[in-house]
Amino acid sequence: MKNALITGITGQDGSYLAELLLEKGYNVYGIMRRKSVVDYGNVEHIKDRIKFIYADMTDVISLMNAMKISKADEVYNLAAQSFVATSWEQPLATAEIDALGVTNMLEAIRMVNPKARFYQASTSEMFGLVQEVPQKETTPFYPRSPYGVAKVYGHWITKNYRESYGLFACCGILFNHESERRGLEFVTRKITDGVARIKCGLQDHIELGNMNAKRDWGHSQDYVKAMWLMLQQESPDDYVISTNETRTVREFVEIAFKHVGIDINWQGMGVDEIGVDATTGKTLVSINPTFFRPAEVELLLGDCTKAEKKLGWTRDVSFSELVQRMVDNDMKIISSETLKK
C-alpha cells in the first residue's frame, strides 16, 4: 500500500483526491492546521479513514515531521490561500502560503525522503493577461493578482527543485474547476446558492461583478484524477488541465436559473446591466462595482492536448452538468435548512 500526504485536504480538491486515493487502496494522511475548534470541512464523511497530522505550510519543521510520520510515497500540495479577491487584501499571507509554503514542502521532501513524488497545484491565474489563446504549457505567464504572482513562484520553484535536486516534481496548471463542495465566497457557488435561495423565496436577487469574464470551467472530481495520473508516469512533467472551452459568467448565471425554470433577459450594459425574470420582469441579477478586480483577467481558455495524449486523461462532467449539479446540491442544502427550522 502506498502512503499519500495531502495538504489542503479539507478543501474541495483535497476531499475528492482523498476519496480517489482511498478507493485505490492508499493510506491517506492529511495536513491540518491546529485550531481551537477542529473543522474537517469536506472530508467530514471520511475523516475516520484519514490519518491527520498537525502542521503548517509556513513552518518547515512541522512539514518535515509530517513527512516522517506519513512516510509519504506521494505528496499532493493543494494548500493555498486560493480566493483571488482576498489576495489583494492579504498579499503577504498569500505569498507566505502560496509561494514560500511550496518551498517549505519541497525542502521537507528533499531533507526527509527525496524519492517521494510531489504534485504542485499551479493555476490558470498565472496566465492572467493572456499572451496567446488557448493557453498551454509553453504559454508565457502574466499574472494579474497577488494570488497569481505567488502561484508563479510556487510553479517555478517546483521546476527548480526538479532540475536542481532530481525530485519527481510535477505541476498541474489547472483551469477553473468547481463542484458542489466549492466555498460560498467563490462566484460560481455564490451564483448557484443565490439561484436556489431565490427559487425558494429566501433571497430577492444576486449581486455580481464582471459578467463578461470568460473562464474554462470543469469539475473538481475530474481534475483530481489528472493529479494522480501525473505522479504515476515514468518521468515528471507539467500539464495543463482544462476543458478546452470558455464560458462567460453570464452564461453560468443563465444555465443556473434555467435549471430551476427561470429564463433571464438582460437589460443595460456594464455596471448598469441587470438580469430580469423573462416572465415577471423582476430584477434577479444586478452588478456591484466593488466586485470587480483591481486588475481583471478577462479570458482563460486552456489546451489540455498534452494531458489527454500523455496521461490518457479525460473528463466526464460537462459545463452544463457542472452548473446543474451545483444548483441541485444547493437546493438540497436549503431545503434541509428550511426543514430544520
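These notebook entries record what I looked up in the structure above.

**Entry 1. Ground rules**

I worked from a predicted model, in which local features need pLDDT of at least 70, side-chain atom pairs count only at pLDDT 80 or more, and totals for chains, interfaces and linings use all residues. Residues are numbered from 1 along each chain as its sequence is written, and side-chain values use heavy atoms, with hydrogens and water left out.

**Entry 2. The whole chain**

I began with the elements and noted ten helices and 15 strands in the protein chain. Helices (H or I, at least four residues) and strands (E, at least two) are DSSP runs, numbered from the N terminus. The radius of gyration is 20 Å, close to the 20 Å that the globule rule gives for 341 residues, so the chain is as compact as a globular protein of that length. This radius is taken over C-alpha atoms, and the globule rule is 2.2 Å times the number of residues to the power 0.38. Along its principal axes the C-alpha trace spans about 65 × 50 × 40 Å.

I then looked up burial: 52% of the 341 residues count as buried. Buried means under 20% relative accessible area, exposed over 50%, and partly exposed in between (1.4 Å probe, protein chains only). For contacts (heavy atoms within 4.5 Å), I considered pairs at least 6 apart in sequence, of which 74% join residues at least 24 apart.

**Entry 3. Strand S6**

I examined strand S6, residues 168-174, and found seven of its seven residues buried. On one side lie Phe-168, Cys-170, Gly-172 and Leu-174, and on the other Ala-169, Cys-171 and Ile-173, so that both faces are covered. Two strands pair if DSSP finds at least two bridges between them. Strand S5 (residues 117-123) pairs with S6 in the parallel sense over seven bridges. Thr-123 has Leu-174 of S6 as its bridge partner.

**Entry 4. Helix H6**

I checked the length of helix H6 (residues 187-199): at 1.5 Å a residue its 13 residues should span 18 Å, and its end C-alpha atoms are 18 Å apart, which agrees. The expected span is 1.5 Å times one less than the number of residues.

Which residues of H6 are buried? They are Thr-188, Arg-189, Ile-191, Thr-192, Asp-193, Gly-194, Val-195, Ala-196 and Ile-198. These buried residues pack against several elements, among them strand S7 (177-178), strand S8 (206-208) and helix H10 (319-340). Just after H6, Gly-201 takes a positive phi of about 75°.

**Entry 5. A four-stranded sheet**

I traced an open sheet of four strands in the order S8-S15-S14-S13, with mixed pairing. The edge strands are S8 and S13 (264-267), each of which pairs on one side only. The twist averages 20° from one strand to the next. Axes are lines fitted to C-alpha atoms, for helices over the stretch in contact, and angles run from 0 to 180 degrees between N-to-C directions. H6 packs on the sheet, touching S8 and S15, and its direction makes about 160° with that of S8. Helix H8 lies across S8, S13 and S15, running at about 145° to S13.

S13 and strand S14 (residues 274-277) pair in the antiparallel sense over four bridges. Trp-266 stands opposite Gly-275 in S14.

**Entry 6. Salt bridges**

How many salt bridges does the structure hold? I noted 24, a salt bridge being a side-chain nitrogen of Lys or Arg within 4 Å of a carboxyl oxygen of Asp or Glu.

Lys-159 and Asp-238 meet through their side chains at 3.0 Å, N to O. This pair links distant parts of the chain, with Lys-159 in helix H5 (residues 146-165) and Asp-238 in the loop between helix H7 (220-230) and strand S11 (239-241), 79 residues apart. Both Lys-159 and Asp-238 are buried.

Arg-197 forms a salt bridge with Asp-193, the closest N and O atoms being 3.2 Å apart. The two are separated by about one helical turn, because they stand four residues apart in H6. An α-helix has 3.6 residues a turn, so residues three or four places apart point the same way. Arg-197 is partly exposed at 22% relative accessible area, whereas Asp-193 counts as buried at 13%.

Lys-310 and Asp-237 meet in a salt bridge at 3.3 Å, N to O. Lys-310 lies in helix H9 (residues 305-311) and Asp-237 in the loop between H7 and S11, 73 residues apart. Lys-310 counts as partly exposed, at 46% relative accessibility.

Finally, I recorded a network of salt bridges that links Glu-245, Arg-247, Glu-251 and Arg-315.
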